[in-house]
Amino acid sequence: MCGIFAYLNYNVNRERRYILQVLFNGLRRLEYRGYDSAGISIDNSTSDPITCSCSSSSSSSQPLLNSLPLSPPPLVFRQEGNIESLVKSVYQEVATIDLNLEESFSIHAGIAHTGGPLTESQLHGIVIPKHQHFPFKANAVAHYIWISGAQPVTFSQVVLEVMRHLEGAYALIFKSRHYPNELIACKRGSPLLLGVKELNEDINSGSAFHDAKFLSMDGHSKELFLSSDANAIVEHTKRVLVIEDGEVVHLKDGSVSILKFDNDKGRHSGAHSRPSSVQRALSVLEMEVEQINKGNYEHYMQKEIHEQPESLTTTMRGRLIRGGSCKAKTVLLGGLKDHLKTIRRSRRIVFVGCGTSYNAALAARPILEELSGVPVTMEIASDLVDRQGPIYREDTAVFVSQSGETADTLLAFEYALENGALCVGITNTVSSAIARHTHCGVHINAGAEIGVASTKAYTSQIVVMAMLALAIGGDAISSQARREAIIDGLFDLPNRVREVLKLDHEMKDLAKLLMAEQSLLVFGRGYNYATALEGALKVKEVALMHSEGMLAGEMKHVAYSKQQSVIQQLHARKGRLIVMCSKGDAASVSPGESCRVIEVPQVEDCLQPVVNIVPLQLLAYHLTVLKGYNVDQPRNLAKSVTTQSQNSPSPDGLAKLDSKAAQVAGESGQY
Ligand code: UD1
Ligand code: BG6
């Protein structure tokens, strides 16, 4: 949860009202991640800076903090509750203090954040006393830090010093009255991006960053954005820099300098390691602004459920090959092709994930076992880490995560990496920690998922893992017919999902019937065990109703006639039954129309979970809306949990991942 956003305009006039709007909009884009409070900080006025009159004993040629021109204290607003209550309170306060919203700034740095419940230190700021050792856990929030004492320091030195003492995962943006119109950003473990919008079109290509000379000192007008989430940046610019762990990004006078801080060295040698400047190039965000809008839908979750035919098409685009001269039907996963041999030779494939991502892997497990012949085991990320379960060099560990930033999944990844396993990522988020640091992987390309309850990412994850199974089993003659049938099924899948979406009204009616119920039990077996778990998870997550997914085989320990036996047993015990079955099977699963039946199109067995989850997603959605709950930001649920509740993510470990990634990235010339 939590997010940060900053906006710096350079050499372009922006009124205070406009700056506030940009900051508020940035916060609205972060809203979906879950939060309890929000805050912003902007400048007070453009009147002449005050020079601090305190004396100093230092004779250093570097600027002295206490002899720097001191701007008036910035305005800081914080509010418990949602963004709109912050907006309201800011405008009320602004009116009370008679602040001129039309005042124009040719350069201005504003910061904003969403966060947990306000603590004492957030309410009053954190004062860092000189020379005091202050290890404190910093979650991904914007802290307002004042520096006391009379050190001869630059802004980046101050931040480097702060970083040296921080523990845990964080992403921070600093603004200081001692360094007006400057911003500094740094991170460890949590995501952070810089967006660059040049207001002079001609210089928008191929800029490289190098220390203070980055993007020229020539006074070109520009707007710079920092955020923990690409969603808050994409509406302004697609040109971004993904900030790496241990980096300090300094925005000053229209330029950007990047210093790399080696936390390991500083911490273990006791000495202060010298940060080195780094050169980086911008990359282009592969997302469209439309993805972060609701379009004609009322809620993101609704939109994302209904756009699954399109998201699945995008997931498969360019990856399924049918026809051509050899008429063969194959799968091409560009990110894995060089690693398939190693995966085939693995002793074991271990799927690791949390929540919906874990369920998606569970849905794909049978087809992966069938086509690869390699044993597949399942791990909930936190449990693997808690147990320190055995992971070997001969294992392939597959990390499944929509966000690519879930703290538990990252910790499990760090653990598997240390144990020498081949680490494969399956994620929706390009440039996320999982995408950047795993040895190889596949982007699911489902498009930005804003609804807190994962829907389209789930179906795309299953499809990617089915394609993974096809790619691994790609050279076995014995399974060729089966593989080709699955590929045909994949081609047809978006149409089948379009068909099942027509059940929308039926699921709304069902939701009306179930609204007052206490509990919903969902049974499934085989490929649809995962559907039962995921359907129940959706209902729990958004409709806040008790729901449990159960393996139907556990109801009655008999294999006889499989689901029918369970249906009969439950019916005999007066359970109120709703049965989901393939079209045409209603009479056999519900003799005498004893149950309410939901008929779905039949597809290739391993793809059935993709179709079957859709009515349950719709049910969870309608139950929530009918109950009057907020479906996109359910109570007590965060889109992605980037900090751990118990074991802190290991900064040392994450730093190691970064140096590894830097090596890999360097080889491929990506950065
Ligand atoms: C890539 C390009 C796509 C282009 C296509 C053309 C990207 C993000 N994708 O898609 O724009 O149209 O080539 O051939 O540039 N990776 C990981 N871990 C992960 C996910 C991915 O290491 O969790 C790596 C992959 O191993 C690969 C790279 O990221 O090296 C891109 O992965 P992916 O987008 O899935 O590859 P393609 O589908 O080939
Ligand atoms: C949990 C969310 O914290 O993380 C779930 O509440 C989600 O909804 C899970 O499925 C995993 O997230 P990700 O981004 O790793 O797929």
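The basis of the values comes first, then the contacts.

## Basis

This is a predicted model, in which local features need pLDDT of at least 70, side-chain atom pairs count only at pLDDT 80 or more, and totals for chains, interfaces and linings use all residues. Residues are numbered from 1 along each chain as its sequence is written, and side-chain values use heavy atoms, with hydrogens and water left out.

## Aromatic pairs

Rings of Phe, Tyr and Trp (its six-membered ring) pair if their centres lie within 6.5 Å; planes under 30 degrees apart count as stacked, over 60 as edge-to-face and the rest as tilted. The count by this rule is six aromatic pairs. Tyr 7 and Phe 225 are stacked, because their ring centres are 5.3 Å apart and their planes lie at 20°. Tyr 7 belongs to strand β1 (residues 3–15) and Phe 225 to strand β15 (residues 222–227), so the pair links parts of the chain 218 residues apart; strands are DSSP runs of E, at least two residues, and helices runs of H or I, at least four, numbered from the N terminus.

Tyr 7 is buried, at 0% relative accessibility (buried means under 20% relative accessible area, with a 1.4 Å probe and protein chains only). Phe 225 is also buried, at 0%. Ring pairs join Phe 5, Tyr 7, Tyr 18 and Phe 225 in a cluster.

## Charges over rings

The charged end of Arg 322 sits over the ring of Phe 491, 3.8 Å from its centre (CZ of Arg or NZ of Lys within 6 Å of the ring centre and within 35 degrees of the ring normal). Arg 347 lies over the face of Tyr 392, 4.7 Å from the ring centre.

How values were computed: Chains lettered and ligands numbered in written order. Buried < 20%, exposed > 50% of the residue type's maximum accessible area, 1.4 Å probe, protein only.
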